[in-house]
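Biologist: Could you walk me through this one slowly? I am still new to reading structures.

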Amino acid sequence: MPKSNSKGKGGKNRRRGKGGGEDEKRELIFKEDGQEYAQVLRMLGNGRLEAQCIDGVKRLCHIRGKMRKKVWVNTGDIILLGLRDFQDEKADVILKYLADEARSLKAYGELPDTFRVNDTDTFEEERDENDDFFDFDDINDI
C-alpha cells in the first residue's frame, strides 16, 4: 500500500489567513458627534485600557470585538473613542490611528500639540533629576 504524504485539508484559512490586503492607504477618518480622540495611557488586559481624551477626561475603554485580536494597541497610541451616553467615564475603542495618520490629524488641528505621536513613553514628563538610574559598571568594582 503506498504511503500518503498528505496531511489533511483542514485549517487552511487559519494558517494562511484570508487575504486581509490592508497594504493600500486608507482614508483619514475624523471624529463625529459622540466620538473623541484619545491617547492610550495604560493597558489593563481583557481588551480594556485607560485613555486620556482631548476633553481632559481619563476614561476606561473597551476594545470592541472586531478590533480586539486583529489590531494591536499599545501605550501611547492615538485612538478614536465612541463615548457612552450614560457612562461618561467609559468609552469604546473604534479605531487606532497609524503614526502618519496621527501626524496628519495634528497638522489639520484636530489633535492638540500636547499629544506626542511617535513616542511610546508617555510618562517622560513625570521624571525629574531625583529619579534613580542604575549604572551596571559599578558591579565590576566589587
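Modeller: What follows is a talk about a predicted model, beginning with the strands and then turning to the core.

Biologist: Okay, how many strands are in the barrel, and in what order do they run?

Modeller: The barrel is closed and has five strands, which run in the order 1-2-3-5-4 with mixed pairing, and the twist from one strand to the next averages 50°.

Biologist: How many bridges join strand 1 to strand 2?

Modeller: Strand 1 and strand 2 run antiparallel and are joined by six bridges; if you look for valine 40, you will find alanine 51 of strand 2 standing opposite.

Biologist: And what about strand 1 and strand 4, how many bridges there?

Modeller: Five bridges join strand 1 to strand 4, and these two also run antiparallel, with glutamate 36 standing opposite leucine 81 in strand 4.

Biologist: Staying with strand 4, how does the chain get from there to strand 5?

Modeller: A hairpin of six connecting residues takes the chain from strand 4 to strand 5, and the two strands run antiparallel with five bridges between them. Glycine 82, for example, has aspartate 92 in strand 5 as its bridge partner.

Biologist: Is strand 4 mostly covered or mostly open?

Modeller: Strand 4 is mostly covered, since five of its six residues are buried.

Biologist: New topic: which residues touch the most other members in the largest nonpolar core?

Modeller: That core has 13 residues, and those touching the most other members are Leu49, Ala51, Cys61, Val73, Ile79, Leu81 and Val93. Strands 1, 2, 3, 4 and 5 each supply at least two residues of this core, while the largest share, three residues, comes from strand 2.

Biologist: Why would such residues sit together?

Modeller: In soluble globular proteins, nonpolar side chains tend to be buried together.

Biologist: Can we zoom in on cysteine 61: what is in contact with it, beyond its close sequence neighbours?

Modeller: Leaving aside neighbours within four places in sequence, cysteine 61 is in contact with Gly47, Arg48, Leu49, Ala51, Leu81, Ala91 and Val93.

Biologist: Last one: is glutamine 39 buried or exposed?

Modeller: Glutamine 39, whose place is in strand 1, has a relative accessible area of 9%, and because buried means under 20%, it counts as buried.

Biologist: And what does the side chain of glutamine 39 reach?

Modeller: The side chain of glutamine 39 reaches the backbone oxygen of glycine 76, at 3.1 Å.

Technical notes:
Residues are numbered from 1 along each chain as its sequence is written. This is a predicted model: local features need pLDDT of at least 70, side-chain atom pairs count only at pLDDT 80 or more; totals for chains, interfaces and linings use all residues. Side-chain values use heavy atoms; hydrogens and water are left out. A nonpolar core is a set of buried Ala, Val, Leu, Ile, Met, Phe, Trp, Tyr and Cys residues joined through side-chain atoms within 4.5 Å. Buried means under 20% relative accessible area, exposed over 50%, partly exposed in between (1.4 Å probe, protein chains only). Helices (H or I, at least four residues) and strands (E, at least two) are DSSP runs, numbered from the N terminus. Contact means heavy atoms within 4.5 Å. Two strands pair if DSSP finds at least two bridges between them. Axes are lines fitted to C-alpha atoms, for helices over the stretch in contact, and angles run from 0 to 180 degrees between N-to-C directions. A polar contact is a pair of N or O atoms within 3.5 Å; within protein, one must be able to donate a hydrogen and the other to accept it, and residues adjacent in sequence count only if both atoms are side-chain atoms.
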